[in-house]
Amino acid sequence: MILALESSCDDSAASVIDIESGAILFERKIAQNEAHGEFGGVVPELAARLHAENLPKLIESAASYLPRLKAVAVTNAPGLTVSLAEGVAAAQAISLAMRIPLLAINHIKGHVYSLFIDRAATFPLLALMVSGGHTELIAARSYDRMSEVAVTLDDSIGEAFDKAAVMLGRGYPGGAVIENLARDGDENRFEFPLPLKNDKRIAFSFSGLKNSLRLLLERLGETDDQTKRDVAASFQKALFRHLLEKTRLFLSLGSHDAEYFGVVGGVSANRCLRSAFEALAMEFGLKSLFAPLEYCSDNAAMIARAALEAYRAGEFCDPSNVAIVSRISLERR
Ligand code: KG4
Ligand code: ZN
């Protein structure tokens, strides 16, 4: 079995995977939403302190599996440095004390493997990663061959959702809040500009939309509940329209050989986004893949699933020298 730890942002999580069957035997997550809620976003030092409290609790609750571990895995990049460091320190301690190898796992690869929990991985895959920290298109041919083909030039889409919820006075995190508000709203009531409209680059940008939202709310002043719903629906539509346009542009260039199209990350829990991208994948003859809802946001089962590939490939790392890297992600193409 492999024990996997995840602490790259504000969720502390642990999972145990069976090496032979690939089955997830244990998983538990302690989220920190409430603690960060009053600040309207993740406070790194607070996140790290809570990881230091929560990771030992998680390891304790997986105690019955510890004697059968063949390796320990941990997210080492990308993420908040101080948060990553807590998970890495815990994994180093387990690896050195139990004399088992350590696997350092890239968080983005983990999200890609959230598509393959309890099943075999299928490639070539084009994955859209949409979360609080990332918005990018990834071309994946195998565990070791993943590259970014499009990234965001500024903010992530998850951050745009979170900021929108704060601006509408609905707290943090905002994705699910905006989705719920949008359900009963008129998505055509307010017009937002299409980012990078006359820019042929395949890239994403959300800062302009966030700014347009701020200006709109300033112009509207006091808003009633229905107006808030209409704003949420129109804003969500604008965010997804941009994602869809740039992804469609990439697919229409025909410079990829993907057979599968996957959407991963916290924002992929959004039902509107799932159905829009399912339709887009179909339009281009690709088989669409989505993670079960419980594996869209950060979790350790996806890290355990990715760790299984690293273990099979023998990609062990020196437990006394684990690189903690906040910003690297995948190779860029
Ligand atoms: O993957 P994740 O848990 O953490 C990062 O790696 O960033 O993603 C969290 C993000 C947050 O911005 C949250 O607001 C967003 O995912 N999110 C959603 C939904 N559920 C979570 N965004 C849109 N619709 C949702 N239903
Ligand atoms: Zn994530």
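I began with geometry terms: four donors count as tetrahedral if all angles lie between 85 and 135 degrees; four count as square planar and six as octahedral if opposite donors are over 155 degrees apart and all others between 65 and 115; anything else is irregular. Donors here are N, O and S atoms within 2.8 Å of the metal (3.2 Å for Na, K and Ca), and water is not among the atoms, so sites may look incomplete.

I worked on a predicted model, where local features need pLDDT of at least 70 and side-chain atom pairs count only at pLDDT 80 or more, while totals for chains, interfaces and linings use all residues. Residues are numbered from 1 along each chain as its sequence is written, chains are lettered from A and ligands numbered from 1 in the order in which they are written, and side-chain values use heavy atoms, without hydrogens and water.

**Zinc site**

I looked up the zinc ion (ligand 2) and found His107 (NE2), His111 (NE2) and Asp298 (OD) coordinating at 2.1 Å. The 4 donor atoms subtend angles of 91 to 145 degrees, which makes the arrangement irregular. The donor residues follow the spacing H-x3-H-x186-D. Histidine 107 sits in helix H4, whereas aspartate 298 is in the loop between strand S10 (287-290) and helix H10 (301-312), so the pair ties together parts 191 residues apart in sequence. Helices (H or I, at least four residues) and strands (E, at least two) are DSSP runs, numbered from the N terminus.

**Serine 114**

I then checked serine 114, in the loop between helix H4 (107-113) and strand S6 (125-130). Serine 114 is buried, with a relative accessible area of 1%. Its side chain reaches the backbone oxygen of histidine 111 at 2.5 Å; a polar contact is a pair of N or O atoms within 3.5 Å, and within protein one must be able to donate a hydrogen and the other to accept it, with residues adjacent in sequence counting only if both atoms are side-chain atoms. Leaving aside neighbours within four places in sequence, serine 114 is in contact (heavy atoms within 4.5 Å) with Val264, Ala291, Pro292, Tyr295 and Met302.

**Sheet**

I traced an open sheet of 5 strands in the order S3-S2-S1-S4-S5, with mixed pairing; two strands pair if DSSP finds at least two bridges between them. Strand S3 (24-31) and strand S5 (102-106) are the edges, each pairing on one side only.

I noted 5 bridges joining S1 to S2, which run antiparallel, with glutamate 6 partnered by alanine 13 in S2. This hairpin of S1 and S2 has 4 residues between the strands. Strand S2 (residues 11-17) and S3 are antiparallel over 7 bridges, where serine 15 has glutamate 27 as its partner in S3. The hairpin of S2 and S3 has 6 residues between the strands, and glycine 22 in the turn has a positive phi of about 75 degrees.

Which way do the residues of S2 point? Asp11, Ala13, Ser15 and Ile17 point one way and Ser12, Ala14 and Val16 the other. I found 7 of the 7 residues of S2 buried, so the strand is largely enclosed by the rest of the structure.

How values were computed:
Buried means under 20% relative accessible area, exposed over 50%, partly exposed in between (1.4 Å probe, protein chains only).
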